[in-house]
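Below is a short report on one protein model.

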Amino acid sequence: MAFAGTGLKERRKRDGGRRISQEKHNLPFWIWIILEFEMSMPDIVGLLGAAFYLTAYALLQLRILTVDDFLVTVLNVAGGVALIYSLMWNFNLGSLISQVAWLIITVVGYARFRMISRRRAA
């Protein structure tokens, strides 16, 4: 990547802001956001986790998927794991407790659903 090692804030000071705006138009939006806010890998993973949670919630609310769909479980587990990873770097006890609880509830709920559906099939 052409910007490795130098944050845009440092470059803005050095270039008077002119060069930044020119480079911004040559980058995909998501790369520009990462560079503009000088995000670390835990921040990026945490944002992906939030995106997974919100995607699962939106798919449920829009009635595209149901609670019984495996994809909802996958998105919730991936969101929980990603946010827990992010919290290892930027610790917050309240967030950690809620993420672990969300993860446990998701796994237990899915396991319970699978057991009930197997009993019905038998």
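## How two helices pack

H4 and H5 cross in a left-handed manner, a label used when the near helix is turned anticlockwise from the far one by less than a right angle, clockwise being right-handed. This is a predicted model, in which local features need pLDDT of at least 70 and side-chain atom pairs count only at pLDDT 80 or more, while totals for chains, interfaces and linings use all residues. Residues are numbered from 1 along each chain as its sequence is written, and side-chain values use heavy atoms, with hydrogens and water left out.

The axes of H4 and H5 come within 7 Å and cross at roughly 155 degrees; H4 is therefore roughly antiparallel to H5. Axes here are lines fitted to C-alpha atoms, for helices over the stretch in contact, with angles from 0 to 180 degrees between N-to-C directions. Angles over 145 degrees count as roughly antiparallel, under 35 as roughly parallel, 65 to 115 as roughly perpendicular and the rest as oblique.

Residues of H4, including Met41, Phe52 and Leu60, meet residues of H5, including Leu71, Tyr85 and Trp89. Contact means heavy atoms within 4.5 Å. The classes in this contact are as follows.

| Class in the H4 and H5 contact | Count |
|---|---|
| Nonpolar | 17 residues |
| Polar | 7 residues |
| Charged | no residues |

Ala, Val, Leu, Ile, Met, Phe, Trp, Tyr, Cys and Pro count as nonpolar, Asp, Glu, Lys and Arg as charged, and the others, Gly among them, as polar.

The largest nonpolar core has 6 residues, namely Ala56, Leu59, Leu60, Leu65, Val72 and Leu75. Helix H4 (41-61) and H5 each give two or more residues to this core, and H4 gives the most, with 3 residues. Such a core is a set of buried Ala, Val, Leu, Ile, Met, Phe, Trp, Tyr and Cys residues joined through side-chain atoms within 4.5 Å. Beyond its neighbours within four places in sequence, Leu65 is in contact with Leu59, Leu60, Leu71 and Val72.

Is serine 86 buried or exposed? Serine 86, in helix H5 (residues 70-89), is buried, with a relative accessible area of 11%; buried means under 20%, exposed over 50% and partly exposed in between (1.4 Å probe, protein chains only). Not counting residues up to four places away in sequence, serine 86 touches Pro42 and Gly46.

Overall, the protein has 6 helices and 0 strands, where helices (H or I, at least four residues) and strands (E, at least two) are DSSP runs numbered from the N terminus. Of its 122 residues, 29% count as buried.
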